Each structure stands twice: as structure tokens, then as C-alpha cells.
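Biologist: I am new to this structure and would like a close look at a single part of it, the place where two chains meet. Please take me through that part step by step.

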Amino acid sequence: MSDHDHIYSTKFQDKVERSTLLMFIMTALTVAVGGIVEIVPLFYLPNTAMCQNDPTCNGTSHKDLQGNAIPMDKIVWNPATSAHKTMEDWMPGDGVRPYKPLELAGREVYIREGCFLCHSQMIRPFRDEKDRYGHYSIAEESMYDHTYQWGSKRTGPDLARVGGKYSDEWHRKHLKYPRDVVPESVMPNFFFLEKAPVDVTKTVKTMEVMTKMPFNPVPKTIYSAEYIAAAPEALKGKTELDAVIAFLQSLGNEVKFEEGVNYRD
Amino acid sequence: MEATNATPVKYDMDVVRWFTIAAIIFGVVGTFIGVYVASELAWPFLNFDIPEITFGRLRPLHTNAVIFAFGGNVLFATGYYIVQRTGATKLWSNKLAWFHFWGWQAIIICAVITLPMGMSQGKEYAELPWWVDIMIAVVWLSYGLNYVMTNAIRKTSHMYVSNWFTMGMIVMITYLHVVNSLAIPVDWATSYSIYSGVQDAMIQWWWGHNAVGFYLTGGFLGIMYYFIPKQSGRPVFSYRLSVLHFWTLTFGYVWLGAHHLQYTALPDWTGSLGAAISLAMIIPSWGGAMNGMMTLSGAWDKLRTDYILRFLVTAMAFYAMSTFDGPVMAIKSVNALSHYTDWTVGHVHAGALGWMSMISFGALYHMVKKLWNTEMYSDRLVNVHFWIALIGATTYVVAMWVSGIMQGLMWRDYDEYGTLTYTFVESVSAMHPYYVMRAVGGAIFNLGTWIMLFNVVMTVRQASASRSANPVAARA
């Protein structure tokens, strides 16, 4: 018996090693398992903010201390049931809404400049994070964030609830020349955003794209044809700096969090 | 390992030579950009108010350059080298391999142009615009087809273990790249992921961690299983351990991505599952590391004279260390501290500089000697490169470990009145000395890659000179 016929492991392993096809198939199956188990359920289970065409978001139910369920339209803004019917009327606390045109344009700049590489938008349920940044983030808050922006690094502070914390004027100064406002900052100067006008065509197209998303699209009742048609007017004369500030100011005040509610179960 | 044919096989090694040279050049370029972005954090004036070179645009260029330009070219050079020599066969298609070579370099050029322009999809390590993603898919599949078919036409009975790992990488990266890159374009520069929020986060880190697990680990373990035995002249320590290593790693690594999202809005079960499997992964990882190290048993004395072997063995030490560091960081209570800090950056670079680069340098030196059929221009410079790389990597990693833990502790510190002790910006200024130290460590490491480039250029020139002087001997 030659050495090549000797089996040093199991018969099956030996067979796999001799056959390119079998090795290919076995490998393709083995590497698929983990992803399927961890990812596929996230499209079906509650508490994953998969809300398309389903006001309960896959049966999500956040309960208060008395065990009463909080209606989901308090978490995710639904113009049909809310007192405030349009994007203009929407008030902080009405629930998660899609971005307004200028905010969306700002978000594009935020991604373009790689802000997510140094700033997270995901507050964890710890005492210090609550004291520093505010209530922990919940899944619904990023349901319209196509290309999520949770980030992985805090070279700078978390921005999930930066909306309303500073004035527009502070942001303007800080974004242009951060060290004029915060001497220890290591952030680059983004003064050039002030000279760049907002890309209106791109923003309008982005709004259309957001309504076509296969998962969690922006409802066409919110991004209606009229609303999209009115976007160029809202963007008129605005700079990329205005847009980024509008985006930052929109972050984190959408849901009114009730004391004692566990939004994580 | 290699079939002992009566007539020597004629391999397609030209394309391997080109991949090798490309790898060495991009090793220099990628780490240089790394030093620059690290310096921008230490001295922000280095952004020079030029949008194209601000940290946010240059950092993706660094990660893409080291992972896909340097790492990619190393993987393809070694992959094509190993598959031919262990299968005693030429490539299935030499033409397709050349398409792969030029296609991959074209992708790199696209990255160099688009990333500084700010064309980003906003996903870490998958920033490249959607049309470059399509180019990647096409070139990657051409590689996969060629690789699998070359295995299929091999003259040897069994597929060698290195080829299992490379095949695993090819399959997994195809899954990951396709699923994670699904996006709807707005225009040439911008596109948005079809997933949002929780689902997008999980898919991104399924991609992100497995780019590490299969591309930067699986593929490089293929290198380890071929070049350590070759360079040390000893057979792999344990065949059975390599079987165990391969299947457990292939099955297990896929689950780890969720540990990047602990305590986020991702459901707890997913993060906990990722953490549990992460801990279990110490077993295959250390099994593999031991397998590489113990291959030297009976030949440890070679480390005194063989500088290439020093790279390969040190890489295994770093591999063992990173695969211990990683699971520890995946433990939920540790992750609560380490997440969002520079500890993560330190961990990544322990793997990237210590494991991945070291094993690459060793394999590249080994291949240069074989491919050009010559000795190195200077063995002493190989040794100098080794020590410089080791000092640079250690300086970098220590700076980031220490500062990362400090950062995490500062953020959560409370004073006696129950208020936060430090403002955020105090943690930023406390980082400064460590950012300087990190930039210095990176610069030292980068210096080593320049030495390698010089040494290899001189070696190739020397080989060509001797070949033209003595054509008969060179052909032998």
C-alpha cells in the first residue's frame, strides 16, 4: 500500500481532500451556517425595527413598569395616527421619521467625509453613557438609516443625540475650525463645506432611492411625489455646511423615552 | 507535498513574480499612508486644509491599501505559487491569471482616485463605490475559477492543506462581498445600502470580521502551512491538527461579527452568541498556532541563522497573541470597556503588523529567492528588516493597548460626588502622547518595508545580471 492510499484521518475527510468539487461544496456549506443563523432572524424577529408595511414592526412591544405595551406609533412616527400629519408639523417626540431634504443632503456629506470613522451614533445602556450622551439608542431610531452610521470608534464623542445640544452657530464655528472652539480637538477643519452648495439633483434622487429600498423603505405617504417635488425649494441657496448642521440637529430627539421602560426586550 | 515527477513541471511563475513585486510596493505605500493618517491624529495641522487628504477620506485609503492592495497581492502571489507547486501543475489558465493581475491593480488605482474624492459607501472596509464593487466581484470570480480549476487538474492525489484555506477564503469572500455590497446607486459617487439599522449593522460586521477571518487569517494560514514547512525543512507538525484547525475555523469564524455590536440596538442574543463562539475560537486558533510553531521542533537552531524563518515564527507568536486578545475583547464585560476605544485599533494592528505582515514578509523573501533562482542581495538587511518590523509593531501595539484601556477607564470614571470625572475632550488630549508613539511605531514599521523594497530590487537586478552573464546556469 503506497503512502498516498493511507488514510490518516477519517474516510470522509480523505474523500474530501481528494475531490476538488467535494472540498468546494463542503466549504461553501460550512461557511454559510453562521451567517444564516445570525442574520436571517433579524429580518423576522421583534425588536429589530423591521417595520415595512407593518405598524407593529414584526410584533415589537415595549412595556412600561405596569406591563402596559407602548403603542408602536409613539416610537415610529405614523402620519396616519399622529396628531402631526406632515413632515413640517412633526415635532420632536412624535417618533422616528425619515430625514428632511436638507438633513438627507447633510447625511451624504457626513458619509462622504468619513465622519463615522471617528464618531459613533450608538449609545449603549451604561450609566456613564447616559450621563454623557443621553438615553441608550434603540433599533427603531436607525430604521431609516440606509447605510447605518453606528460607527465603531470614538475618537470624537458619540453623536446619536447631539441634536439640540449646541446652537447652529456653535456647529458652524466648530465644523469650520474645530480648534477655535475646542483647542484640544484633533478634528480636521471643514471650512470648505461653507463654499460648496448643496447638490440638489443628488438629494432629490436620494429621496427617490430611499422610497425604493427593499427593506424599510421610506413610505411613499411621507416621501410623496409632492414632498419630493418641493425638495429643491427647501435646498435653495443652502451650503453643505448648512446641510451637515441640519443633519446633526436632527439626531436623537425623535422618540420620547418614558422612565422605567425597557426598550431592549 | 510536491510530486516527484520524472520530467520537471513547467509552472506559470511570471504572474506570480508580478504579484510579488506589486505586494512589496503596496506594502510600502499602504503602511506609509497609515503613518500619515496616524500623524494627522497626533498633529491635526497635517490635514493641511486639503479636503482630499483629511483623515476621514485618507483613513479608508489606508485600510483599503493595506488589506486589498498589499494583502491581496500577497495572497494572490502565494496562492498561485502554492497551488502550482503542491499540485505539480501549471495554472488552469495563465491568461485568466493575468486578467486577474491587471484587473486587481486597476481596482487599486480606482480606490486611489475615488476614496480621496470622498466617494464612500459609508461601510468600513467596504467604502469603495458600487461600480468598483462590481469590478471586484468580476476579478474575484476569475481568481476563484482559476484557483479551483487549477486544483481540479492537479497531478497529486490530495489537496494540500494550504489550498483548503485559500478555497475557504475564496468562497466566503464571495458571499460576504456580494451580500454586504448590495446597494442602490444614486449616481457614480454615491449609493446606499439596501439594508438599514440593525440588519445593516449585522451584515456589515459579518463582512467586517470575516474579511479579517477569511481574507486576513484564512488566506494567510494557507501561507503559514506551506512556507513554514518549506523554510524550516520540516513537515507540518500535525496533519490531524490541521484538519481540526481548518474545519473549526471555517465553521466558527463566521459567527464572530456579532461581537462588534454588543450592547448596541442589536438584539442581545446575537451579540452573546457571537461572544460565546469567539471564546471557543481560542481552541482552533491556538491549535493552529501551535501547529505552525511546533513544525520547528528539532529545527529551532535554524532561527539563529535563518532570518526568513524568524519572520515566519514571530508571525505565529503574534497570531497566538491576537487570537487570545480577540476573544478576551469579545467577553461582554471586557467589550463594554474596550469597544469604541483604541484598544480595538491595537488589536487589529497586532494582527495586521505582527501576524499578517510578518508571515507575508517571510513568504515574500522565500519566494523572491525561488522565483528569481538566487540568494538575497543582502541577508543582513533581511535581519535588519526583521528587527525593525518587530520594534515598530510592538511600539504601535503597546501604545494603542495602553491608551485604549486608559480611554475606556476615563470615559466611565465617576468622582466622589457621583458625576463624570472627565469631559470627553480631556480623554482626547490624554491620547496625544500615545498617538505620537503610535505614529512613531508605524513609521519604524514603514521604514522596514522600504528596506525590503530596496533589498528585493537589488536581488532581482543581481539575478537578471547573472542570468544574462550566464544563461545556461540560470535556466537550470
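How many residue pairs are in polar contact across the interface of chain A and chain B?

Modeller: This is a predicted model, and what follows was computed from it. Across the interface of chain A and chain B, the rule finds 41 residue pairs in polar contact, with both residues at pLDDT 80 or more. On the side of chain A that touches chain B, the elements giving two or more residues are helix H1 (11-18), helix H2 (20-30), helix H3 (32-39), helix H4 (101-112), helix H5 (127-132) and helix H8 (200-211) of chain A. By class, the residues on that side of chain A are 41 nonpolar, 26 polar and 23 charged.

Now the extent of the interface. In contact with each other are 90 residues of chain A and 97 residues of chain B. About 8100 Å² is buried between chain A and chain B, and carbon and sulfur atoms give 65% of this area. In chain A, the residues that lose the most area to chain B are A:Glu38, A:Arg132 and A:Tyr148; together they make up 9% of what that side buries.

Next, the charged pairs. The rule finds 4 salt bridges across the interface of chain A and chain B. A salt bridge joins the side chain of A:Lys153 to that of B:Asp342, with 3.3 Å from N to O.

Over all chains, the count of salt bridges by this rule comes to 22. Among them is a pair with both residues in chain A: A:Arg107 and A:Asp145, whose closest N and O atoms are 3.4 Å apart.

The structure holds 9 cavities of 30 Å³ or more, and the second largest cavity contains about 230 Å³ of space. Its lining has 19 residues, and those nearest the centre of the second largest cavity are A:Gln121, A:Glu141, A:Ser142, A:Asp145 and A:Leu251. The lining of this second largest cavity divides into 8 nonpolar, 6 polar and 5 charged residues.

Key: Residues numbered from 1 in each chain as written. Chains lettered and ligands numbered in written order. Predicted model: local features only at pLDDT ≥ 70, side-chain atom pairs only at ≥ 80, totals over all residues. Heavy atoms only, no water. Contact = heavy atoms within 4.5 Å. Buried area = accessible area lost by both parts, 1.4 Å probe. Polar contact = N/O pair within 3.5 Å; in protein donor to acceptor, adjacent residues only side chain to side chain. Helix = DSSP H or I, 4+ residues; strand = E, 2+ residues; numbered from the N terminus. Nonpolar A, V, L, I, M, F, W, Y, C, P; charged D, E, K, R; others polar. 1 Å grid on protein atoms, 1.4 Å probe; cavity = no way out; pocket = protein on both sides within 12 Å on 5 of 7 lines; lining within 4 Å. Points joined across faces, edges and corners; volume = space filled by probe spheres on them.
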